[in-house]
Amino acid sequence: MDFILALIPVSFSAGYMVYTLQHHQPLWECIAALTAVSFFAFFLTDKLIPPVQKLTGKAGLGGFDINKKGTPAGDVKVPESLGIVVGVVHMVCVILFQVYYFTADRDGPWTVNIGEYNA
């Protein structure tokens, strides 16, 4: 039941996206590139977390979950600093997409003139 409830806002968003993209066909290329980079990020993060978890455990970067004190789960060490994996993968993906953004077809609807790029 929760899965069906979660699909309700997604269906409205997906419907609006398809409706909008029917009027702006070149945006499909940008959406496809963003989707590809997102899947790359997911699979890379999924593969990198276990080795980094072992490395942080060996380095002693961990602790006990104080919210589970008094339970068997409270005696298990939890590795710390796993957010670094997600952060590094995010930065790599942002850099990859920036390279795509500035080297893609300059007549695309999502591109801007580098002179106008002030971020």
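At 1.5 Å a residue, what should the 32 residues of helix α2 (residues 27-58) span, and how far apart are its end C-alpha atoms?

Author: The 32 residues of helix α2 should span 46 Å, and the end C-alpha atoms are 46 Å apart, so the two values agree. The expected span of a helix is 1.5 Å times one less than its number of residues. Helices here are DSSP runs of H or I with at least four residues, strands are runs of E with at least two, and both are numbered from the N terminus.

Some ground rules come next. This is a predicted model, in which local features need pLDDT of at least 70, side-chain atom pairs count only at pLDDT 80 or more, and totals for chains, interfaces and linings use all residues. Residues are numbered from 1 along each chain as its sequence is written, and side-chain values use heavy atoms, with hydrogens and water left out. The pLDDT is the predictor's confidence in each residue, from 0 to 100. Its average over the chain is 79, and 82% of the residues score at least 70. Confidence is highest in α2, at a mean of 86, and lowest in α1, at 78.

Now the place of the helix in the chain. There are 3 helices and 2 strands, and from the N terminus on they run α-α-β-β-α. Helix α1 (residues 2-23) has 22 residues and reaches 33 Å from its first C-alpha to its last, close to the expected 32 Å.

Helix α2 has a kink of about 30 degrees at isoleucine 49, shortly before proline 50. The bend at a residue is the angle between axes fitted to the seven residues ending there and the seven starting there. Helix α1 also has a kink of about 30 degrees, at isoleucine 8, shortly before proline 9. Just after α2, glycine 60 takes a positive phi of about 85 degrees.

The next topic is burial. Buried means under 20% relative accessible area, exposed means over 50%, and partly exposed lies in between (1.4 Å probe, protein chains only). Buried residues make up 14% of the 119 residues in the chain. In α2, the buried residues include Cys30, Ala33 and Ala41, along with Thr45 and Thr56.

Threonine 45 has a relative accessible area of 15%, which is why it counts as buried. Setting aside neighbours within four places in sequence, threonine 45 is in contact (heavy atoms within 4.5 Å) with Val85, Val86 and Val89.

Threonine 56 is buried because its relative accessibility is 7%. With neighbours within four places again left aside, threonine 56 touches Leu61, Pro79, Glu80 and Leu82. A polar atom of the threonine 56 side chain lies 3.0 Å from the backbone oxygen of glutamine 53. A polar contact is a pair of N or O atoms within 3.5 Å; within protein, one must be able to donate a hydrogen and the other to accept it, and residues adjacent in sequence count only if both atoms are side-chain atoms. An α-helix has 3.6 residues a turn, so residues three or four places apart point the same way.

Leucine 55, also in helix α2, is exposed, because its relative accessible area is 57%. Leucine 55 and proline 79 are 24 residues apart in sequence, yet their C-alpha atoms are 9.1 Å apart in space. For the chain as a whole, residues 24 or more positions apart account for 48% of the contacts with a separation of 6 or more.
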